[in-house]
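Have the structure open while you read.

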Amino acid sequence: MVTRVNPPSLDRTSPPAPPGPPPGAGPRPVPALSEGVRVRVLRLVYGDPRAAAELVARLTERQAAGLDPLPAEPADLAPETLRAHRREVRALPDGTRLVLLLAAADQYPVATHAFLRAVAAARLDTRSLDAAESAGIAYATVGGVGFRDAWTRIAAYETAAPADRRDAHRLLARVLHGAAETPRRSWHRGAGALGPSARLAAELTAAADRARAAGDPALSGALAERAAELCTDPGERSRLLAHAAADAWHRGDGDRSRALAARTDADALTGILALRTGHAGEAFDALLAGAARAAGARPAPGNPPPGRSGTTTAPSVTPSALSRESREFGESRESGEAAGSASSSTAPVTHLLARAAEAAVYTGDLRRCREATLVAAQAGVDPPGVLGGIAAAVDGRYEDARDLLEATAGRCGPGGDPTLLLHAGIAALMLGDHTRAATATVRAAAGARARGVTAAVSQAMEFRAYADFWTGRPRAAEAAALDALRQAYATGQDNGACHLQAALAMFAALTGDEDLCRERAAAARSYALAHALGLPAALAQWALAFLDLGSGRFDAAAARLRALAASGPGHGHRAIRHLATPHYVEAAVRTGETRVARVAHADYDRWARAVDSPDDLALSARSRALLTPGADAVEHYRTALRLHAEGARAFERARTELLFGSALRRLRRRTEARDRLHSALEAFESFGAPHCAESARAELRALGAPAAPTRGDRSPTAHLTAQQLLVARMAADGATNREIAARLALSPRTIDHHLRGVFTRLGIRSRIELVRLLADADDG
């Protein structure tokens, strides 16, 4: 049906709303919401706070925790809210309700822009809209009718009799004549059908395919769902629902996608969804088993079968079904072509193996990539994306890993497939090429937006954050990560949101915001450990260690990084442990634990030499300098700075200058020490890293040299972090601490902490002064 949140095919199959409490039992307790569910609830009810409260009270515990999809039908979302709007519509004259019905049918979920033509064809009297305008329900616009809100539009449609709804759709179908309007004409023809029709189902399916090819997943999903309702073949209906689930995922409706996928037999599709919102280990098992079935592969004697006991069993999906599923996620054909050897028959295998590789990256169980490369070999395809490079690195074949990752990172040209670009970005990060990683991930996000694949945007931004952070753009990285976090929650990608929370914890560690760092890290680790997400769990642990390191708590930093090295899959991550090695060496040397630090550095140096990354080689040289006593360390520091000049990790260059300046001070080389420390101080101030800046000032004081004055800035807001500036602007717009907390997925206590920090940095005492200062800054 046109103005329902979802088409009418779900009326008889959606789970019923949870029953209310029995008489005398008292009000039903309101469940505690997970952060992602809170965002999606507001989205589902169009931001209406009363409807949101009504929906929250009706959620099951599993829905409140994000384990089950949220309700879809208006009657399940907020029946009392909808009932009140229906009463208002029923009070209008018959002629007014008829015009409102036609306008509503023309607007949602498929906007067809045919209202005025339909009015002319039926010779309807639009003066009847005066009654709706007088009642404050709707009003005439240049293009047709504007409704007071989404609930009014839904009520205008649902108060009409079924026969009147069908007539409205048939009228709209008759006036849609242009070639470009064919999919929308098919939509109205399907919505006006009396019952199942193989002919109409075929027409809608063809229209959905055209809309999908044109990059309009909202339209293709609506058409596919209606086609499934009219379809008489159970197998074809399941296929159409799988199409619709993929379309819903692409347009960012994760709850809808999960609900539709549950009504199909497409287990590999379920695995793809689990990758972003479920248990990452189970997602890997389902995807790998699906790829093995699609390839007709069998585990070789003596090798473990794809999947692990105790998790997801091998799905019963045929190769043809998997091929259709992979095409629905819009990337298998191009991924196969770019891989160089994947034909149309192996493209589904390539696609599923690429997703399995992503699942392995998220779990941190990188050894499982060996299983995936075995399936690739049995299928006769090259391991896609980062899969082969990771498998080689896990086996210690660093030169082979470098070559494979370099081939993947090289596929970062403009206009490419988002999945290929994402893998190119991950490969570039592993190679230490942060400039190319930033390019690939930005292009992945742009490509996803251009194709209407909203869900892929936030995933690309997850990995862009690493590149922005290390290349000296922490504020830009934090702002981008905050935006991606909101998008991840809104689209039902809680696993991605967890990864972004961990990245934001790292940004907070850099700026010295201890409370925020600990809150972000705790939230990330709590969710990550429950979903086997070793990547964000390890990143959050590293953030806490980095906070300790910047604050001079070297024992605590070393202990955290030792624990990170000892953590297994789902709790830690080999790649994060490797990236954190230079920080571990620094903390270990400060605490006298040089034996283990030398072993860790040796492996890091071997990788740095294999990939020949200037940044990694610079950090290896810095670590060697820290491990070398006395004046012999000086040349290693000089080598590190020379290599830093060829790389892009500006923040780590500043840390190297700080450590070198400290070593020079102890060697009584005062002039060069002063220059190095001043350079480090200036860099840390530009990055907004006060703890590191204070370390540089302390070294300058010990040297007996004055610290360089803080550079002036005409805009006082330049002294705020991206998070503080965002909170400040929301507060200046009139939002309460609780409202800001809900929108940013933080606690009200943290928002209060942020505002106190804002007031301190800006030298003000009230929100009135904040409003005035921000207004002056914007005017300036």
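Gly570 counts as buried because its relative accessibility is 6%, where buried means under 20% relative accessible area, exposed over 50% and partly exposed in between (1.4 Å probe, protein chains only). Gly570 sits in the loop between α31 and α32; helices here are DSSP runs of H or I with at least four residues, strands are E runs of at least two, and both are numbered from the N terminus. Leaving out residues up to four places away in sequence, Gly570 touches Thr363, Ala528, Leu529, Ala532, Leu533, Gly534 and Ala537, a contact being heavy atoms within 4.5 Å. Gly281 is 289 residues away along the chain, yet its C-alpha atom is 8.2 Å from that of Gly570.

A word on provenance: this is a predicted model, so local features need pLDDT of at least 70 and side-chain atom pairs count only at pLDDT 80 or more, while totals for chains, interfaces and linings use all residues. Residues are numbered from 1 along each chain as its sequence is written, and side-chain values use heavy atoms, with hydrogens and water left out.

Some other buried residues, side by side:

| Residue | Relative accessibility |
|---|---|
| Ser620 | 1% |
| Cys369 | 0% |
| Cys692 | 3% |

Ser620 belongs to helix α35 (residues 614-627). Its contacts, not counting residues up to four places away in sequence, are His601, Tyr604 and Asp605.

Now the second largest pocket, which holds about 800 Å³ of space. On a 1 Å grid over the protein atoms alone, a pocket is an open set of points where a 1.4 Å probe fits, with protein on both sides within 12 Å along at least five of seven lines; lining residues have an atom within 4 Å of a point. The volume is the space filled by probe spheres set on the points, which are joined across faces, edges and corners. This pocket has 37 lining residues, and Arg574, Ala575, Ile576, His578 and Leu579 are the closest to its centre. Helix α32 supplies the largest share of the lining, six residues.

Finally, confidence: the chain averages a pLDDT (the predictor's per-residue confidence, from 0 to 100) of 84, and 87% of the residues score at least 70. Where pLDDT is low, the predicted coordinates should not be read in detail.
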